[in-house]
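Have the structure open as you read.

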Amino acid sequence: MPFVSDFESAIEYIEENLTVDIDFNMVAQKAKCSTYHFQRMFSSLIGIPLSEYIRRRRITLAAIEIQNSDTKIIDIALKYGYDSHSSFTRAFQLIQGVTPSKARIDGVPLMAYPPLTFQFILKGVEAMQYKIVETQPYKVFGMDVVQTDGWTPDKFLENADRVIENGSHDAINTAAGFPGLAQEMIAKNQWDVTKIHLLQAIHFWDEAGNRYFMYGWELPETRLNNQFKILEIPFTSWIVITVQLDGDRSVINRCYNDLYVNWFPTSGYEQAPGRPIIEKYSAKNAELWMPIIKK
């Protein structure tokens, strides 16, 4: 698989440069894609941002040196890119749960994050419909914006329950001109997915690359109050995947993997910067709207 060999080249470059500043542009070149696309692809496939993976690898190697050498901790900190004892201690303790000095005590258990390896098993998957769609500039809105770097699928499911229980789901639907029925259904134990307008799940990033998430809709003509977040989406080309849910929302996660592993490497496209990813749900189907540009 060309995708696997390209991705492995990127990981090998990271491993060879853990003691120096890592050029994310060079990492992306090894994977034969843009820096923006590689960072988003990495986060989606691996579950953590690229910067966090590098940090965990450096702290893993630093911990091995601390436990197996007499090298001064400050020298190890400098080797792995930390310019002070305090900044290294904070990063080390966040991952290892102990300070570097305590890590030198015999018998102290430490976390180890090995380099990424790849093993793809070919098997039958759900049928997925692909199409490319272009949209004129428009706006979306939502509320309860949360930062989601490092979130697991279970964390998103927990957030979905919270948004329903705290009334945000109903507030967004009402603002969009739909009935707000979620809380009433839950209170009466009468949840019926066919009778409710399921919100769009909107993933977006700030200029620093931090990932955020909210539920929402296209912006209505009516005026909204300031409790809502509004995003402007310029003219955009999308690759849209439609898949049957069959009661299993986790299938949307497999759509991401299918895009990054199978469609992008052979399509001549990559993920477009500065635009959100949108998941649209109905009672039976889900649609993944991924913004794209030609390479």
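D161 is partly exposed, at a relative accessible area of 45% (buried is under 20%, exposed over 50%, partly exposed in between, with a 1.4 Å probe and protein chains only). D161 sits in helix α8, residues 153-165 (helices are DSSP runs of H or I of at least four residues, and strands are runs of E of at least two, numbered from the N terminus).

This is a predicted model, where local features need pLDDT of at least 70 and side-chain atom pairs count only at pLDDT 80 or more, while totals for chains, interfaces and linings use all residues. Residues are numbered from 1 along each chain as its sequence is written, and side-chain values use heavy atoms, leaving out hydrogens and water.

## Salt bridges

The count comes to 10 salt bridges (a side-chain nitrogen of Lys or Arg within 4 Å of a carboxyl oxygen of Asp or Glu). One of them joins K32 to D6, with the closest N and O atoms 3.6 Å apart. K32 lies in the loop between α2 (24-30) and α3 (35-46) and D6 in helix α1 (residues 2-16), so this pair ties together parts 26 residues apart in sequence. K32 is exposed at 57%, whereas D6 is buried at 14%.

D144 pairs with R162 at 3.5 Å between the closest N and O atoms. D144 belongs to strand β2 (residues 138-147) and R162 to helix α8, 18 residues apart.

## Cysteines

The model has zero disulfides (pairs of cysteine sulfur atoms within 2.5 Å). C33 is buried at 14% relative accessible area, and C255 is buried at 0%.
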